[in-house]
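Please open the structure in a viewer and keep the selection panel at hand.

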Amino acid sequence: MSGLILKDVSKTFAGKLVVDKISFTLNQPGVYGLLGTNGAGKTTTIRMLLGIITKDSGEITWNDKPVDRKTVNFGYLPEERGVYPKVKIFDQLLYFAELKGMSRDDASIAINKWAKRLKVEEYLPMAAEKLSKGNQQKIQFMTAVIHNPDLVVLDEPFSGLDPVNTDIIKSIIIDLVRQGKFIIMSAHQMATIEEFCTNILILNRGKTVLQGNLKDIKSTYPANRLQLDVNQDINKYLQKFEIENSKNHQYTLKITSEKSAHDLLQKLVAADVQIDKFEIMKPTLNDIFIEKVGAKNEIK
């Protein structure tokens with residue numbers, strides 16, 4: 001299977017180049033991270049690869065065929081709310097499933113299966129406006145996966161979700177990958193992208209500023225943090241360090257080199273400080289993102 005290939009894809013709106021020769025490949029099941037600041041071109045890229053809008057130039061193929069509604073069975077969770085506030089949830093889900101080619105009977109079975117998995121069974125007879133933001137998000141997630149798509153695009157899938165429901169969606173994403181699905185995820189939570197994505201692409205002003213295997217990317221960066229968990233206050237040993245976080249004798253320190261961290265370790269051992277954790281860490285994806293697109297665009 002060739003999967004999804006974008007090659008030198010561009011798009012201009014009103015004379016402004018919003019996507020500039022983007023290229024990437026998904027050639028095996030998994031989660032691919034598409035990142036960027038607001039207005040970087042992510043949504044335009046997603047809409048082009050799903051055939052929702054036309055590209056100006058370049059190639060987009062799915063299994064070696066040009067992308068259109070006939071060649072790719074896709075599911076799309078947009079960032080914007082897409083539920084009808086006055087319509088009953090079950091009726092909406094049935095409508096969207098039938099739009100994707102499901103029979104009414106198969107759609108009803110799938111709706112009840114997914115409602116149970118997402119713990120929204122009690123809301124099926126209700127109008128969408130009666131649901132919380134988080135439960136509306138779960139319903140919208142259902143519309144993206146109910147028809148068993150091969151390619152799933154998730155734009156901010158965890159928006160409005162509490163930790164319990166976040167875990168439910170995470171477990172479903174893991175299952176989708178096990179089932180051989182290709183998933184593109186765009187999210188503002190960098191830790192979530194690190195958790196799921198092997199490969200990433202970062203856009204800034206329509207241009208690719210970084211892409212590739214996340215582990216390989218991070219390996220090119222020197223360590224910049226030290227995490228310490230000790231049994232006493234050690235601030236007197238930390239005067240040469242920038243303390244990023246400190247609570248209950250747990251410290252996150254910024255370091256300029258691994259040597260400075262090991263020198264600190266020797267001092268703590270010599271002082272008989274009990275050390276429960278000592279971990280030298282590479283930059284986070286959030287660090288790398290800020291470096292590439294500018295601190296003023298930091299994602300919260």
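Predicted model: local features only at pLDDT ≥ 70, side-chain atom pairs only at ≥ 80, totals over all residues.

**The largest pocket**

Begin by selecting Phe74, Tyr76, Phe96, Lys100 and Thr143, which lie nearest the centre of the largest pocket among its 15 lining residues. The space in this pocket amounts to about 420 Å³. Next, colour β6 (74–77), α2 and α4 (133–145), the elements that each give two or more residues to the lining of the largest pocket. By class, that lining has seven nonpolar, six polar and two charged residues.

**The second largest pocket**

Move to Pro29, Gly30, Val31, Thr198 and Asn199, the closest to the centre of the second largest pocket of the 14 residues that line it. Two or more lining residues come from each of β2 (16–26), β3 (30–36) and α5 (163–178). The volume of the second largest pocket is about 230 Å³. Its lining comprises eight nonpolar and six polar residues, with no charged residues.

**A nonpolar surface patch**

Select Tyr84, Val87, Tyr95 and Leu99 and display the surface: these residues form a nonpolar patch there, and together they have about 390 Å² of accessible area. Tyr95 belongs to helix α2, which spans residues 89–99. With a relative accessible area of 41%, Tyr95 is partly exposed.

**A network of salt bridges**

The model contains 15 salt bridges in total. Select Arg225, Glu244, Lys254 and Asp287, which are linked in a network of such bridges.

Centre the view on Arg225. Its salt bridge with Glu244 has an N to O distance of 2.7 Å. This pair joins distant parts of the chain, with Arg225 in strand β11 (residues 225–230) and Glu244 in strand β12 (residues 242–247), 19 residues apart. In the salt bridge between Arg225 and Asp287, the closest N and O atoms are 2.3 Å apart.

Arg225 counts as buried because its relative accessibility is 10%, under the 20% limit. Glu244, at 36%, is partly exposed, as is Asp287 at 21%.

Finish at helix α8 (residues 258–270), where Lys259 and Asp263 lie four residues apart, about one turn of the helix. The closest N and O atoms of their salt bridge are 2.9 Å apart. Asp263 is partly exposed at 29% relative accessibility, whereas Lys259 is exposed at 57%.

Notes
Residues numbered from 1 in each chain as written. Heavy atoms only, no water. Patch = residues over 30% accessible without salt bridge, like charges linked within 9 Å, V, L, I, M, F, W, Y side chains within 5 Å. Areas by Shrake-Rupley, 256 points an atom, 1.4 Å probe, with all protein chains shown as cover. Salt bridge = Lys/Arg side-chain N within 4 Å of Asp/Glu carboxyl O. Buried < 20%, exposed > 50% of the residue type's maximum accessible area, 1.4 Å probe, protein only. 1 Å grid on protein atoms, 1.4 Å probe; cavity = no way out; pocket = protein on both sides within 12 Å on 5 of 7 lines; lining within 4 Å. Points joined across faces, edges and corners; volume = space filled by probe spheres on them. Nonpolar A, V, L, I, M, F, W, Y, C, P; charged D, E, K, R; others polar.
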